[in-house]
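Open the model in your viewer and keep the selection tool at hand. The stops below say what to select and what is there.

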Amino acid sequence: MTIFKKNPTNGRIGILVGGGPAPGLNSAISSATLQAINAGYEVVGIQRGFATLMGGATERVLNLRVADVSRIHTDGGSIIGTSRGNPTTSERALNTTVASLRKLGIKKLVTIGGDDTAFAARSVAEAFDGELRVAHVPKTIDNDLPLPGDKPTFGYETARQIGARLVENLMEDSLTSGRWFFVVSMGRTAGHLALGIGKAAGATLTLIPEEFEGERVELSRVCDILEGAIIKRLAQGRDDGVAVIGEGIGEKLDPEGLNQIPGVQVEFDSFGHIRLAEIPLETILKREVQRRFEERNQKVTITDLTLGYELRCAPPVPFDIDYTRTLGYGATRFLLQEDVEESLRLGGVVCLGRAGHLRVLPFHAFRDPDTGRTKVRRVDIQSEGYRVARDYMLRLEESDLEDPETLAALAQASGIPEADFKARFGKAAHLQPQGSPSV
């Protein structure tokens, strides 16, 4: 039986959250706290994460007790908040962060966040002269961290489930009202969430950044695919549809070109990433596609919206509760180990391996040797998982342009002569994964 210590005296463990919210944060905080208290430690939650430490605001902490955390595992959000504060932006910020942790008496730290938080956590540990050990719990609804065994990141399953239900509602609205929806889904560099939502809901089509080779993609190419899908739908006698679009496509667009669009101003966060939330990708695509139809005196109704903020603080589904309770427990257990291998001296990333066994991997296991940044797990568009989703989408295919009867129907629906239609949409129809899936 677990007996919680009433007066913990073994030391102090800190917990902070970085990056955007994700379902399961409170569950991880609860589990890590309860395990630490049971081991005789005091636990403090650092409000607003690294931003607080960088500012030296050491009074902004919460003493976490059993009563505070024992029933929060089913709640969304984070009882200690979160921020995108980056202590590596300057030597002063890093030194203040270290000084704040020393003042708080914290030599064991649980960080919960994505790749940027992991990078910051390791940097702080390195600056602590070996006196700080960090247990990093990886989280992101983007599902883009390369975890062992291709395990999902926590929060993803909840976000996908809720996102799919919302898209299903939009699909019914689309059918009922005779309109299209352009739905941009969160996912900075990888399309896992967009694809997961679109595939589960059976959206008309899903576009993800992995489909486009190279670092940059022209806005016209994206619009060609969307316009082509609408035309194909019209040729089938329907004026409805839902396109799910990964926001990472926005990061592939030329920033200078985006700045030329009225009402758009590209901004960057403290980690050097484009603030995708400030780029109305769904509106940009909607306006351009509608303009194309209007030039041909055709009426197409498109409604644009973004899915993301509705998902981040949702109550976690049982999968994510189960997952995060194990990860939180593993984080504290790792911090309490007296002897660890040299590669984990500063800390590591808490993961689940095969059959639910906990593993702690060194930070460098997730680091790209070329960039020095955390590796990103992207959608494998050669996989059967992607191909199944792709084959059930409605998009222009090369076969559509080669079949005379289909080409004639597409040309009639678009008001574009057949030869011109084939020339214009040939590239969009060719954009598909190569090779055949193994069975």
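Which residues of the largest nonpolar core touch the most other members? Select Ile15, Leu101, Ile112, Phe182, Leu205, Leu226 and Phe421: among the 117 residues of that core, these touch the most other members. A nonpolar core here is a set of buried Ala, Val, Leu, Ile, Met, Phe, Trp, Tyr and Cys residues joined through side-chain atoms within 4.5 Å. Buried means under 20% relative accessible area, exposed means over 50%, and partly exposed is in between (1.4 Å probe, protein chains only). In soluble globular proteins, nonpolar side chains tend to be buried together.

Before moving on, note that this is a predicted model, in which local features need pLDDT of at least 70, side-chain atom pairs count only at pLDDT 80 or more, and totals for chains, interfaces and linings use all residues. Residues are numbered from 1 along each chain as its sequence is written, and side-chain values use heavy atoms, with hydrogens and water left out.

**The whole protein**

Zoom out. The protein has 17 helices and 11 strands; helices (H or I, at least four residues) and strands (E, at least two) are DSSP runs, numbered from the N terminus. The radius of gyration is 24 Å, close to the 22 Å that the globule rule gives for 439 residues, so the protein is as compact as a globular protein of that length. That radius is taken over C-alpha atoms, and the rule is 2.2 Å times the number of residues to the power 0.38. Along its principal axes the C-alpha trace spans about 80 × 45 × 40 Å. Of the 439 residues, 55% count as buried.

**Phe421**

Select Phe421 and show its surroundings. Beyond its neighbours within four places in sequence, Phe421 is in contact (heavy atoms within 4.5 Å) with Ile231, Leu396, Leu401, Leu407, Leu410, Ala411, Ser414 and Ile416.

**Strand 4**

Next, select residues 108–113, which form strand 4; five of its six residues are buried. Strand 4 pairs in the parallel sense with strand 1 (residues 12–17) over five bridges, and two strands count as paired if DSSP finds at least two bridges between them. Leu16 has Thr111 in strand 4 as its bridge partner. Strand 4 also pairs in the parallel sense with strand 5 (residues 133–138), over six bridges. There, Leu109 stands opposite Val134.

**Salt bridges**

How many salt bridges does a search of the whole structure find? The search finds 23, each a side-chain nitrogen of Lys or Arg within 4 Å of a carboxyl oxygen of Asp or Glu.

Select Glu211 and Arg395, whose closest N and O atoms are 2.7 Å apart in a salt bridge. Glu211 lies in the loop between strand 7 (205–207) and helix 8 (219–235), and Arg395 in the loop between helix 14 (384–391) and helix 15 (398–402), so the pair ties together parts that are 184 residues apart in sequence. Glu211 is buried at 7% relative accessibility, and Arg395 is buried at 2%.

Last, go to helix 11. The side chains of Arg291 and Glu295 meet there in a salt bridge (2.4 Å, N to O), and the two residues lie four apart, about one turn of the helix. Arg291 is partly exposed at 34%, while Glu295 is exposed at 58%.
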